[in-house]
Amino acid sequence: MVDKSIGPLQDAQQAMRFVRQRAGEWNLDPARVGVIGFSAGGHLASTLATQFDKAQVPNPDGIDLRPDFVILIYPVISMERDITHAGSREGLLGSAPSDELVRKFSSELQVTEGTPPTLILHATDDQLVDVRNSLRYYDALRHAGVPVEMRLFEKGQHGFFLMPRTRWQSTIIEWLTYSGWLHPRAQAPGAN
């Protein structure tokens, strides 16, 4: 791969394209496709959510590559040296990335009003991925007018190993339900 920094985004865009192409076959609503990402996968999910307007994969049929909603769990968001996860940054951008590349892959700097509604979960005692990643992304979404909800847990560390799964999973289900993502959209009267 010539440019390793876009490889993960290519995979994510291809996944969005694939799901939407097959939505009818799988009895899915192509306008209700979301993405969830944990840790470095959270960086990928936030990159997909902020860089959907430029296809990094062949997309001759013009399928929408923007997820409809995003769930980020203890995510790496920023490539800025002061808060990034160093291993994630080096793995994605190399050992000496340019300022331009760091900015491009710092999702908190790429948020627009078109960024999808987002739920963020993080533990404040996370010693692997600084909670400031989530705080900065939340703030960027809020300022752009994007619907966002965040839940910070006092204890849970990275991976939420110090709490029962039901505690954080129920937050996701509650948000999906409250936001209307778990239920089919109502059709207008007389629509087929």
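How many residues does helix H6 have, and how far does helix H6 reach from its first C-alpha to its last? Helix H6 (residues 165–178) has 14 residues and reaches 20 Å, close to the 20 Å expected at 1.5 Å a residue. The expected span is 1.5 Å times one less than the number of residues. Helices (H or I, at least four residues) and strands (E, at least two) are DSSP runs, numbered from the N terminus.

This is a predicted model: local features need pLDDT of at least 70, side-chain atom pairs count only at pLDDT 80 or more, and totals for chains, interfaces and linings use all residues. Residues are numbered from 1 along each chain as its sequence is written, and side-chain values use heavy atoms, leaving out hydrogens and water.

Stay with H6. Its buried residues are Trp-168, Thr-171, Ile-172, Trp-175 and Leu-176. Buried means under 20% relative accessible area, exposed over 50%, partly exposed in between (1.4 Å probe, protein chains only). The buried residues fall within an arc of 125° seen down the axis of H6, so they line one face of the helix. That arc is taken from the directions from the helix axis to the C-beta atoms. They pack against strands E1 (34–38), E2, E3 (118–123) and E4 (148–153), where contact means heavy atoms within 4.5 Å. Thr-166, Glu-174 and Tyr-178 are exposed on the other side. Just after H6, Gly-180 takes a positive phi of about 85°.
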